[in-house]
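Here are my notes, in the order I would go through them with the model open. Have a look and tell me where you disagree.

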Amino acid sequence: MQHIVIIGNGISGITTARHIRKKSDQRITVISAETDHFYSRTALMYIYMGHMKYEHTKPYEDWFWEKNRIELKRAYVEKVDTESKTLTFAGGESMPYDKLVLATGSKSNKFGWPGQDLKAVQGLYNYQDLESMETYTKDISRAVIVGGGLIGIEMAEMLLSRNIPVTFLVREGSFWNNVLPDGESEMINRHIREHHVDLRLSTNLKEILSDENGRARAVVTDSGEEIPCQFVGLTAGVSPNIGFLEGSGIETNRGIMVDPYLETNVKDVFAAGDCAEFRETNGERRNLEQVWYTGRMMGEVLAETICNKPTKYEPGHWFNSAKFFDIEYQTYGWVWAKPKDNENDFYWEHESGKISLRLRWDKETDKLLGVNNFGFRLRHHAFDKWFKEERTVQYVLEHLRDANFDPEFYKSHEEEIVNQFNAENGTKVSLKKKSWKRILQLVSN
Amino acid sequence: MSSVDPSLSIANPDLKDADVVQKAGLALAGLGVLVLFLSWGGVAIPPSIGLPIALLGILVGTVIYSARLYLNQPEGIKNNGVWFRSLTSRGVLGWVAGIVLTGFYVLLYWFPEYIGFKASGNEGFVALFDPLSMFFKGKPASQWFLYGTLYTLCITALGVKFLFKYRHNRYQFVRTLVVIASQLFLAYLIPEILAGLNYNDVTTASGEYLGYFNTDLKNSWPLDYDFFYDWQLNAFQEPSYQPVGTLYLIIGIAMFLVVTPIITYYVGKRWYCSWVCGCGGLAETAGDPFRHLSSKKLSAWRLERWLIHSVMVFVFVMTAATIYGYFWNTGEVFGLNIYKTFQQPYGFLIGATFSGVIGVGFYPMLGNRVWCRFGCPMAGYMGIIQRFKSRFRITTNGGQCISCGNCSTYCEQGIDVRSYAQKGQNIVRASCVGCGVCSAVCPRGVLNLENGPEQGRTDLPPIIIGNESIKVSN
Ligand SMILES: Cc1cc2nc3c(=O)[nH]c(=O)nc-3n(C[C@H](O)[C@H](O)[C@H](O)COP(=O)(O)OP(=O)(O)OC[C@H]3O[C@@H](n4cnc5c(N)ncnc54)[C@H](O)[C@@H]3O)c2cc1C
Ligand code: SF4
Ligand code: SF4
């Protein structure tokens, strides 16, 4: 029996472990320095906001691990010796392995700002960050968040739930505008302000000032303005958590370099999830994929490979989702901030200013390339299938009702959308009625 | 982890932030509740003044308070601080509320004289409701009239609060309008009016009592377990109640034999449990702040299946014995006394203790659906249909689930929705009451309550979509 050791009990490590267990009888150990059990990192905000307690964020009950013979070890791995196939923990203890999976996730970026290591200055990535946020946001009168991405806006929502006024410094001219096209980005700017966040666009952090106890007391922006605050959230992205691998002989760049089988340059050592960096680029995808879904998929694939069925990581069509305060966002396929030269663009926004749809399609073939939907829900199966079948934008609009995933009784907007599309593009797309027959075909893969 | 200090405020963790209007609303509702307690305590408040103050105070006060609270914020999910508040996280206030509620039910069922119900003439709490009862049907209130009135008031006032809270969600909005209307008309006004028109619950001028039958159309057997008791069957047939009595008898039988299976086939048991049922109505409105307290453990699910099916067997056996006794005109079956062996234990254990005392009294401890989940034989009956022969399912949206756990946490029926969603599997569960809250709280748009073809409804997809690496099913 081989001993498979997985460092990291996040979605990637745990998915790998679960699927290895489904397929084999090998001994499995999962190591983490963060928490005893797997919990959902994406739900950190809801613990702080009082929607859930930590225990609710654990997808499996505590008995699950023993029942499935997945050994859990709470420890920090300080050193990996790939020659002797041994891990050394902080504290000196060691553990041999036959196969090693590195699923060590990310850490928050710090860009060398003066004052970035003061007390009450932190990112939001792990459970310890949450505890520290709990400590440092007690009885404060203002918080400043630096970095306008997904974690930044979550942090703003968290702080507001405790009635803490927030100033939000965003480098871009509009929220997350390096990813979102102008219309959507503008919509979220408005929504952030509707929640009374002091949103500062095109503003950079220059330094963080300390009080006499070494705790942040204010930030200074690049315009020289000093904003008094007692907490600073640094949310300018994340990068792979790989510091402990130095000297191990495992090749790294920004992340741990892997081939399409998720294998590193060292035999029997693999990497998955946020910390893995692909040597070869795969289509439009980034070499570092730092989202929940890709971590899960890499785990599924890696389990196959480890169980002697070498399998390449071949993700299907890109999808993602998020929620900006009260506005839900889903995306399928590729929607770039600015359309590429070969792409046509369509944007519809509801008069409420909180619902929108964007479509991108190929100028020549009319093939749909991507969709962004805000404030209403679309069926993943529909778009996944339509991309595979290379459907045109006209086909997709015709069948939009099949893709609507809003709850019953919701007002639907397909008619308005199609009318605007026809008017702008001189087409005669006419909507089809929702058909369960077609929906079932979409779902059966 | 150390969390925020539990707040002792009942309604809002941040009462300090409540504005004047909100405070006025709360004060008005508080005044109404105070009048109820004072009259219970024997303070002589003239009912003709006290009753309107109590009822309107609670209704109007709650509406003002919640309108102001929710309309002041952008629409969206409002679960901030649920686990920090004493009332909603099994804190001191939760326990106080639980004990008061439980105590009230114990008195209501077994010691009504302590809330003022006296054959010789009501006092205190019950007497407060005399004017309204006189208005409807020309006789003094009973403890059940008091209970029905307060029950309807709770569903209406807190239902309106729910409407404000979920105004962004049309499923919740429509559903809650129906919940309120069902209680107000079907369960309360129509029965009281029928009694007022002498179609039910009549005592003749010569002092003869003609009997009482259940006139809440939607309160179907087996939830209404005494439907076939002889006093009820006799009342249905009482000549002076016709044609209403016979109509209710026929509709009552059609409800569980025909209406229930057909509608449940098309839309799931939700049409009943979270749209029209009285128990469900209270759970969805007054019980809404407690829905997250239901246990999601696998062990709770095991217990649930044992309990609910045992109650179903119990009600079935009890009813069979009852019907046998009625037609063969005997008080015994196999030498067992029907009342003592079947009806009395069922009424005491299930009818009163389980559905009433525990079902509502334990909201702040075990969540708002203890009865519906572990006990209700009607829910059990429809659950079997929903699980095996129905078009209803909760569809999951491909690979979009981030396993956050909001859905499971806020499922009042303790279903571990996430365990399905993260596998991309539809949720087809006997116990789902279709409240739609899992779908509402999901931050990634993963869950949708749908009625569609039965084909493939419960299939586990071979692999969650989005991953092309693995094509074989496993
Ligand atoms: C607040 C927040 C919200 C997010 N929301 C979303 C979202 O909505 N959708 C989405 O797609 N993605 C989201 N993400 C990103 C997503 O959570 C990550 O992509 C995903 O969790 C990465 O999983 P992983 O298994 O690769 O690593 P991780 O979950 O980071 O797990 C790695 C684990 O390894 C441990 N570890 C690392 N090094 C060592 C060591 N040397 N010894 C012992 N243990 C070690 C770490 O402590 C950690 O517990 C969010 C991230 C955050 C922080
Ligand atoms: S599964 Fe969803 S709809 Fe069903 S009872 Fe639970 S929360 Fe309500
Ligand atoms: S609430 Fe939505 S995203 Fe969260 S676990 Fe449930 S289905 Fe998944």
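1. Start with B:Ser403, which is buried at a relative accessible area of 4% (buried means under 20% relative accessible area, exposed over 50%, partly exposed in between, with a 1.4 Å probe and protein chains only). B:Ser403 sits in the loop between strand E3 (392-396) and H17 of chain B; helices (H or I, at least four residues) and strands (E, at least two) are DSSP runs, numbered from the N terminus. Its phi is positive, about 55 degrees, although B:Ser403 is not a glycine. Most residues other than glycine have a negative phi, and most peptide bonds are trans.

2. A:Glu390, not a glycine either, has a positive phi near 55 degrees. Look for A:Glu390 in the loop between helix H8 (380-388) and helix H9 (393-398) of chain A.

3. Before going further, a word on what we are reading. This is a predicted model, where local features need pLDDT of at least 70, side-chain atom pairs count only at pLDDT 80 or more, and totals for chains, interfaces and linings use all residues. Residues are numbered from 1 along each chain as its sequence is written, chains are lettered from A and ligands numbered from 1 in the order in which they are written, and side-chain values use heavy atoms, with hydrogens and water left out.

4. On confidence: the model scores ipTM 0.97 and pTM 0.96. Chain B averages a pLDDT of 93, and 95% of the residues score at least 70 (pLDDT is the predictor's confidence in each residue, from 0 to 100). Residues 1-13 of chain B stay under 50, and the model has 32 contacts for them beyond four places in sequence (contact means heavy atoms within 4.5 Å). Where pLDDT is low, the predicted coordinates should not be read in detail.

5. Which residues are closest to ligand 3? They are B:Cys401, B:Cys404, B:Gly405, B:Cys407 and B:Cys442, out of 13 that surround ligand 3 (a residue is near a molecule or strand if one of its heavy atoms lies within 4 Å of it). Helix H17 (406-410) and helix H18 (417-421) of chain B are the elements that give two or more residues to this shell. By class, the ligand 3 shell has 9 nonpolar, 3 polar and 1 charged residues; Ala, Val, Leu, Ile, Met, Phe, Trp, Tyr, Cys and Pro count as nonpolar, Asp, Glu, Lys and Arg as charged, and the others, Gly among them, as polar.

6. Ligand 2 has cysteines around it too, including B:Cys411, B:Cys432, B:Cys435 and B:Cys438. Other residues around ligand 2 include B:Ile394, B:Gln413 and B:Gly436. The ligand 2 shell divides into 8 nonpolar, 3 polar and no charged residues. B:Cys435 is buried, with a relative accessible area of 7%.

7. B:Cys432 turns up again among the residues that B:Gln386 touches, along with B:Thr264, B:Arg270, B:Phe392 and B:Arg457, among others, leaving out residues up to four places away in sequence. B:Gln386 belongs to helix H16 (residues 377-388) of chain B and is buried, at a relative accessible area of 2%.

8. How many disulfides does a search of the whole structure find? The count over all chains is 0 (a disulfide is a pair of cysteine sulfur atoms within 2.5 Å). Take B:Cys273: its nearest cysteine sulfur, that of B:Cys277, is 6.5 Å away. B:Cys273 is buried, with a relative accessible area of 6%.

9. Aromatics next: the whole structure has 67 aromatic pairs over all chains. Rings of Phe, Tyr and Trp (its six-membered ring) pair if their centres lie within 6.5 Å; planes under 30 degrees apart count as stacked, over 60 as edge-to-face and the rest as tilted. B:Tyr147 and B:Tyr151 have ring centres 5.4 Å apart and planes at 70 degrees, so they are edge-to-face. Both lie in helix H6 (residues 143-165) of chain B, 4 residues apart, about one turn of the helix, and both are buried. They also belong to one aromatic cluster whose members include B:Trp40, B:Trp110 and B:Phe348.

10. B:Tyr225 and B:Tyr346 make a tilted pair, because their planes are at 55 degrees, with centres 5.0 Å apart. This pair links distant parts of the chain, 121 residues apart: B:Tyr225 is in the loop between helix H7 (170-196) and helix H8 (230-237) of chain B, B:Tyr346 in helix H13 (residues 338-361) of chain B. B:Tyr225 and B:Tyr346 are both buried.

11. Last, the cis peptides. One joins B:Trp221 and B:Pro222, with omega about 10 degrees, and B:Pro222 lies in the loop between H7 and H8 of chain B. A cis bond also joins B:Gln242 and B:Pro243, with omega about 5 degrees; B:Pro243 is in the loop between H8 and helix H9 (244-267) of chain B.
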